[in-house]
Structures are given as structure tokens and as C-alpha cells.
Amino acid sequence: MPFDRLWRNARIATMAERQPGLGVIEQGALASRGGRIIYVGPEADLPVGPIAKETIDCEGRWITPGLVDCHTHLVYGGNRAKEFELRLAGASYEEIARAGGGILSTVAATRAASLETLVASALPRLDHLLAEGVTTVEIKSGYGLDLNTEAQMLRAARRLGEIRDVSVATTFLGAHALPAEAAGDKDTYIARLCDEVLPAIAAEGLADAVDAFCEGIAFSLQQTARVFETARKLGLPVKLHADQLSNLGGAALAARFGALSADHLEYTDETGAAAMAKAGTVAVLLPGAFYFIRETQKPPVELFRKAGTKIALATDCNPGSSPLTSLLLTMNMGATLFRLTVEECLAGVTREAARALGKLDEIGTLEVGKSCDLAIWDIETPAELVYRIGFNPLHTRIRRGL
């Protein structure tokens, strides 16, 4: 038989760029063999007779690509719920940081955690994503800020992909913040990162990409460029936390290095948007962080549209500024807070999220030859996936045809 599995009597949103809108196929069918899509199209075009080892009647349900969460900090120690409570009571971020809170409190908790503890604490967060149809997730380091802990975070991320049926992309984020032992010397810390830490991470094959946080409270353009130059020498693609709190020109820097993505981007200007479009750098918008830290400056969606910059969405799941584990809610936030369309939201967690990971040739759309990663939904229209809040209509999640 030509097919391992055949899904029939379905409505399909392929999300393929060569098709208009969501790439909808009414009365569609999709078939896999060896974990890959070998047919997607009208059911009427299938040959007559038994053609699959297993046939699934979707009963009119919708099929989309498996969802992709392209920006998370899923692995970390402890939590920051107490700080959230303190902020609600009026404490400032600076006051909390002086009292030992902020990112460095997560660094301390992560350094104190074993590999097993990091994996066990991340699993519930990962499981929430999988329960909503996520089949690929990116996981960053960045709460170790030393070689041993950064490596352990990345090993924990890889381990998650072994014990759960999900594809994990790992990103090294050593240039996330300055550890206390650096005593305020950012240049020396970046030098050590580039000369010692990043080469060791690359030698062990722990990272699929390299990220940095370019911001006044983090690292400068020059320091970030040094990290990117090192990544280039090591053959690793880059991405960037850029223009979240101010416009330092991070989006343009990311584009200059051909970054897969630049993320946050609340303060990006027209020059940055145009540079990203020209370089093929995806704008990853993170409405969870915007919401949680009560930001007021919205990312320049109209500039991205005008420039032709591709737009993705992600949870930014992290303990300090976006403790969010729902990509469905992220889509609603993207539409409600940033005024993205339904098509932009759905593309943002499928096709464009895959592009932001450099994996569009493998996932993100339903096309022949790609991995058979599917989400099957109990919905009447794809708009429901963006419209509803706190409701999960997932019927079945399929990864690699199973």
C-alpha cells in the first residue's frame, strides 16, 4: 500500500506560501509514509480502493501544521512568584533586584539544580504546550551564565526531546545577563564567553543557534557583535533579543549578521524593519512579555507589513517576564494587543515560527516531503484558534506521522 496512514474527510489549512490565505482545502485528505507527507489535497483526487495501512476519518475536523513555539526559556530552576506578589504590592524592579531578586535569583536557583531537577521542573511546562498541538519547541539556556550550568541547561533541553514526543531546538544564550561574579565588567565576561564558553558548547554539539540580549540593561551592540562573530566562526546561526526596552539598533544588527530572527522589537524603527526584511530575518513578537511587564510601546506591526518582514509569535515562556505556557493564548494576545490578523497569527505559530528556527524546509506547512507534524482540531473555523481564551479544542496531535 502506498500510504502508512491516511487522514480523510478533513478540512485542511496547509499554510503553504504558494497558496492564498491559509491554504484551505475543503473535503481534503492527507497521507504519510515513513513519517513524511506524501499526499495533501482533495480527497476526490485519491485513487479508489484500499490505499493505506490505516485510514482515519476526521469527520470534518480541521488539520493544521503542528504548532511551533520558536522562543522559550523553558528550562530553569525555581520560580519568581514571590517577586510578582511584591510588584503587585508596589515594589520596583530595582528594589527587588537589590534584595536578591530578578534574573540573578533564577541564575542562583538554576545553578543549584541538578540535571534531573531541571528536566522534572520543565516537563509540566512542556506538557502544557504539547497539549495544545505544539510539535516543535525552541529552548534557550541563559540562566547559568557559566559553562557548567549553561551546558547543563542545554543537556536538559535535549533530554526533554528524548522523553517526550517533540522536536527540540536548543539555543545558547550565555549573553543574557551579567553574573554577580563578573563585578560589572561586561567586556571581560563577553571575552570569556567568546574565547572559552561558546567554543566548548559548540564542540559538544549542544546548541543549534546562538542568542544574545542587546539592551541597555544587558549588552551593547559591540559586545553582541563579538558574540555573533564568534558564532559565525563556529558555524552556528544567530538570533537576538532586540529593541525590547529601547532602540539601540538591535534589529539592524541582527539583519547584518543574517540572523534567523530578532525577537521582542517593541522599539524597532523603519530602518530596522527594512533591514530585517532584506536579510530574511523573522520578527518574533512576544505578547506574553508585553502583557506581563505592562509594556505600553507596541511592536511596529505596520512597519513590518510595509517592509515585508515576516512575523512569528511565541510564548517567551520564562519565570520573570512571561510565565506563559499557552501558544493558543499567545495568538489571542497577538491579535488583541498587537492587532495581528487571524492569518498572521496562525502563520506566526506555524510557517513563520518554523522559518525563525531555520526549519521551514522540514516543518511549518503541510506540503509533500515535509515531516508529518499535524494538529487536528474540533473547530468550525480556524479563527476559533485565535478567538477563544482558556479553551483548548485540540483533538489529536500527530508528530512524524504517528
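Contact here means heavy atoms within 4.5 Å. The model is predicted.

Q: Which residues does A242 contact, leaving aside its neighbours within four places in sequence?
A: A242 lies in strand β10, residues 239-242. With the neighbours within four places in sequence set aside, its contacts are C214, G250, A251, A262, D263, H264 and L265.

Q: Is A242 buried or exposed, and what is its relative accessible area?
A: Buried means a relative accessible area under 20%. A242 therefore counts as buried, its relative accessible area being 0%.

Q: How far apart in space are A242 and P319, C-alpha to C-alpha?
A: The two residues are 77 residues apart in sequence. From C-alpha to C-alpha, A242 and P319 are separated by 19 Å.

Q: Where does α4 bend, and which proline follows within four residues?
A: The bend in α4 is about 35 degrees and sits at L123. The proline that follows within four residues is P124.

Q: Which elements do the buried residues of α4 pack against?
A: The buried residues of α4 are L118, V119, A122, L123, R125, L126, L129 and L130. Their packing partners are β6 (67-69), α3 (103-112), β7 (134-140), α5 (147-163), α12 (327-338) and β15 (394-398).

Q: What is the relative orientation of α4 and α5?
A: The axes of α4 and α5 come within 9 Å and cross at roughly 55 degrees. In this crossing α4 passes α5 in a right-handed sense. Angles under 35 degrees count as roughly parallel and 65 to 115 as roughly perpendicular. The two helices α4 and α5 are therefore oblique.

Q: Which residues of α5 meet α4?
A: On the α4 side, the residues are L115, L118, V119, A122, L123 and L126. On the α5 side, they are Q152, R155, A156, R159, L160 and I163.

Q: How are α5 and α6 oriented to each other?
A: The axes of α5 and helix α6 (residues 186-203) come within 10 Å and cross at roughly 30 degrees. L147, E150, A151 and L154 of α5 make the contact with V197, A200 and I201 of α6. Angles under 35 degrees count as roughly parallel. The orientation of α5 and α6 is therefore roughly parallel.

Q: Which residues does L147 contact, leaving aside its neighbours within four places in sequence?
A: L147 is located in helix α5. Its relative accessibility is 33%, so L147 counts as partly exposed. Setting aside neighbours within four places in sequence, L147 contacts V197, A200 and I201.

Q: Where is the kink in α6 centred?
A: α6 has 18 residues, and its first and last C-alpha are 24 Å apart, close to the 26 Å expected at 1.5 Å a residue. The helix has a kink of about 45 degrees. The kink in α6 is centred on L193.

Q: Which elements do the buried residues of α6 pack against?
A: Buried in α6 are Y189, I190, A191, L193, C194, V197, L198 and I201. These buried residues pack against α5, β8 (167-175), β9 (209-214) and α7.

Q: What is the relative orientation of α6 and α7?
A: α6 and helix α7 (residues 221-233) pack with axes 10 Å apart at an angle of about 5 degrees. That angle makes α6 and α7 roughly parallel.

Q: Which residues does G401 touch, not counting residues up to four places away in sequence?
A: G401 is in the segment after β15. Its relative accessibility is 4%, so G401 counts as buried. Not counting residues up to four places away in sequence, G401 touches R5, W7, S32, G35 and C372.

Q: Is R339 buried or exposed, and what is its relative accessible area?
A: R339 is in the loop between α12 and α13 (342-348). Its phi is near 65 degrees, a positive value in a residue other than glycine. Exposed means over 50% relative accessible area. R339 is therefore exposed, with a relative accessible area of 57%.

Note on methods: Residues numbered from 1 in each chain as written. Predicted model: local features only at pLDDT ≥ 70, side-chain atom pairs only at ≥ 80, totals over all residues. Heavy atoms only, no water. Bend = angle between axes of the 7 residues up to and from the residue. Buried < 20%, exposed > 50% of the residue type's maximum accessible area, 1.4 Å probe, protein only. Axes fitted to C-alpha atoms, helices over the stretch in contact; angles between N-to-C directions. Parallel < 35°, antiparallel > 145°, perpendicular 65-115°, else oblique. Expected span 1.5 Å × (residues − 1). Left-handed = near helix turned anticlockwise from the far one by under 90°.
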